[in-house]
Amino acid sequence: MATVPKVEVGDDYKEKYGFFVPEDYIFKAKRGLNPEIVKEISWMKKEPEWMLKFRLRSLEIFRKKPMPKWGADLSVIDFENIFYYLKASDKQSTTWEDLPPDIKKTYDRLGVPEAERKFLAGVSAQYESEVVYHSLHEELSKKGVIFTDTDSALRDHPELFKEYFGTVIPPADNKFSALNSAVWSGGSFIYVPKGVRVEIPLQAYFRINAENMGQFERTLIICDEGSFVHYIEGCTAPIYTTDSLHSAVVEIIVKKNARCRYTTIQNWSTNVFNLVTKRAMAYADATMEWVDGNLGSQITMKYPSVYLMEPGAKGDVLSVAFAGKGQHQDAGGKMIHVAPNTTSTITSKSISKGGGRTSYRGHIKMYPGANNCKSFVKCDALLLDDASRSDTYPYNDVDAENVTLGHEATVSKVSDEQLFYLMSRGISRSEAETMIVNGFIEPFTKELPLEYAVELNRLIQLEMEGSVG
Amino acid sequence: MADFEIRDLKASVEGRQILKGVTLGISKGEVHAVMGPNGSGKSTLSHTLMGHPGYTVDGGEAIFKGQNVLALEPDERARLGLFLAFQYPVVVPGISMTNFLRTALNAKRGYDGKDKSKQISPKEFRALLKDELDVLHMDDSFLPRYINDGFSGGEKKRAEILQMAMLKPEIAILDETDSGLDIDSIKFVAEAVNRMRGPELGILIITHYTRILEFIKPDFVHVLVDGKFVLSGGPEIADRLEKTGYSEWVTDEPQEVA
């Protein structure tokens, strides 16, 4: 009964996100990766000497590290064909009107200024390598909240920056964290002072415009004791026939009693390789929540992780992946229980369609002495046709005592009975399938702010109609 | 010719023929009851008429508004004006009843996400919903719940009739709607169905027992045995079955498990 709708790079993505505007850039580095390019980036940014050294050292590490072979097939990435640094505007604006017209038009089409007016406390917009727009509600800056781009943070808050930068994810962590450390540009820097609660979300929007672009933003979030912040990121790119690379590093420190929620709605076009390292350190009674939605890209490899450093720390990963034709979403999460009495959950929902492939890859580690820890992993996969695939790779290392570790995994297909029931009420097959898929990911959607939940359901609908590439 | 004309319908499940030539005409304003023992083909009849993919039509036709609905997808049949109240309503997690009802209503009205003028307004939707909830003695606490998820037997059946009331079909098939219901629930369900009864609606009640027919009086009763009608007539047939059961046609009838 299941019919396989045609999936192709379609008009809907192109129309809504996949458009591009002419390149009229201040600076475009040559293709390829070498120490000269790295020096050039650092020089353009007028960075201190230590950062240049950090970058060059990271480049060495990147060169020495082999490509990871355990996940998706990355052999097709041609590192020499990528532009590592593109600067589109000579300054950062605090009003949308000040942006170059093409860039402003881009964000207008993506609806970012509108979202800012309606329901955000601060917005950062990164275009290619640099953050071109930034805003933060005045009352938050008065309370001492810092929300800026990472380059500005290095310049304006050097001590705070140096104290934490690279401490959660060192360059040598993996090949792509090394690459990011060498050529990073842009990203968000957030500091929430003790006891300050940022009740309205902050958002960053990452946009790739040029072909063969490499975007390497670097985000650092520090939640001081008893604070709270919800940070949301979205990302899109035009559809090109050649590949682009997005390789971010996100480091988060959640201090005692603080809570951080990090929500991602990744919707890259299907020519983008999305290889991201995201990690948080959670201290006593702190909570770190990753809400991670992956719809687009050709290949995504992303395993948000939480290091539970002190008793009472709590980590959550809630992730959704949708893989259509030609896509491989290799996603999951890691929970590293370093201290006793820490808890974690990973909930992963994946949908594969039209020959798409999803993999859940997870790691639960409980160190010796991390006694009385609890962890629960649940992965549910939904396959929409016989051509699609889903795999589960759970790794558990438990060296602690008196722990609880649960794992549940299900793989299901859209049931004929559910389809028949919905269709018997006049609902078309494609709409019924979309409803079932949206119902399947509802545990995820309900964690999103309303506007994003609506947007996600709409994105799923586009995917289901087979029109998103 | 009746408004809904089933002619010599033959259908099979997993290669085994269950319906062996059923002919039945239902016009709007009429209530027909199809009664039969277990295994006689009652649920095959309802599922085949609505287009369940597990049932294969081997022959015959079902003409409604000049079309053979057996050639249509289930959603097309529904939009044309057919309705099936399920014996076992299906659970769909993550979708609220409200969302489901609104989507179904919009689909029925021909709204495909583009022409907003066809969309039901929130005000109209709420008003319609409230009226029907009252008739069924349901409160609105079930609206945010997922489709049939965790519903009691009675709630499921009432929810089916609620959908029927909102979608306003022209031909409605009630498949074992009384099974698993306590007497109060049967009364509420029957009251709601009787309220819809009229010149705009033809009803086909499929049932094993006569109980529901005490509350929804049929105009015609047909006895289905081994995939064929063995007897058709007026409501008096139901009274006869009430006394003698299906023993005239079947020996050793297995116990109802519903």
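Colleague: Before we look at helix α9 of chain A, how should I read the word buried?

Modeller: A residue is buried if 20 or more other C-beta atoms lie within 10 Å of its own, exposed if 12 or fewer, and partly exposed in between, with the C-beta atoms placed from the backbone. Helices (H or I, at least four residues) and strands (E, at least two) are DSSP runs, numbered from the N terminus. In α9(A), the buried residues include Lys175(A), Phe176(A), Asn180(A) and Val183(A). Helix α9, residues 175-183, is mostly covered, with 9 of its 9 residues buried.

Colleague: What kind of model is this, and how are things numbered?

Modeller: This is a predicted model: local features need pLDDT of at least 70, side-chain atom pairs count only at pLDDT 80 or more, and totals for chains, interfaces and linings use all residues. Residues are numbered from 1 along each chain as its sequence is written, while chains are lettered from A and ligands numbered from 1 in the order in which they are written.

Colleague: What average pLDDT does chain A have?

Modeller: pLDDT is the predictor's confidence in each residue, from 0 to 100. Chain A averages 91, and 97% of the residues score at least 70. Over residues 1-10 of chain A, though, the pLDDT is below 50, and this stretch has 22 contacts in the model beyond near neighbours in sequence. Where pLDDT is low, the predicted coordinates should not be read in detail.

Colleague: Which elements do the buried residues of α9(A) pack against?

Modeller: Two residues are in contact if their C-beta atoms, placed from the backbone, lie within 7 Å. The buried residues of α9(A) pack against helices α2 (35-44) and α3 (49-64), and also against strands β9 (218-223), β12 (249-254) and β14 (272-282) of chain A.

Colleague: What does the radius of gyration say about each chain?

Modeller: The radius is taken over C-alpha atoms, and the globule rule is 2.2 Å times the number of residues to the power 0.38. For the 469 residues of chain A, a compact globule would have a value near 23 Å, and chain A has 21 Å, which agrees. For the 258 residues of chain B the rule gives a value near 18 Å, and chain B has 18 Å, which agrees. The C-alpha trace spans about 65 × 60 × 45 Å along the principal axes of chain A, and about 55 × 40 × 35 Å along those of chain B.

Colleague: How many helices and strands are there in each chain?

Modeller: Chain A has 13 helices and 24 strands; chain B has 8 helices and 12 strands. Buried residues make up 55% of chain A and 43% of chain B.

Colleague: Could we take one residue in a strand? Where is Phe322(A) found?

Modeller: Phe322(A) is in strand β18, residues 314-323 of chain A. Phe322(A) counts as buried because it has 28 C-beta neighbours inside 10 Å. Leaving out residues up to four places away in sequence, Phe322(A) touches Leu295(A), Ile351(A), Ile460(A) and Glu463(A).

Colleague: And which strands pair with β20(A)?

Modeller: Two strands pair if DSSP finds at least two bridges between them. β18(A) and β20(A) run parallel, joined by 10 bridges, and Ala323(A) stands opposite Ser352(A). β20(A) also pairs in the parallel sense with β22 (374-383) of chain A, over 10 bridges; there Cys379(A) is the bridge partner of Ser348(A).

Colleague: In what order do the strands of the open sheet in chain B come?

Modeller: The order is β6-β9-β10-β3-β11-β12, 6 strands with mixed pairing. The edge strands β6 (82-85) and β12 (228-233) of chain B each pair on one side only. Between β3 (31-35) and β10 (202-207) of chain B, which run parallel, there are 5 bridges, and Ala33(B) stands opposite Ile205(B).

Colleague: Last one: how many residues of each chain are in contact across the two chains?

Modeller: 22 residues of chain B are in contact with 20 residues of chain A. On chain B, α2 (74-80), β7 (92-96), α3 (97-108) and α5 each supply at least two residues of that side. By class, the side of chain B that touches chain A has 13 nonpolar, 5 polar and 4 charged residues; Ala, Val, Leu, Ile, Met, Phe, Trp, Tyr, Cys and Pro count as nonpolar, Asp, Glu, Lys and Arg as charged, and the others, Gly among them, as polar.
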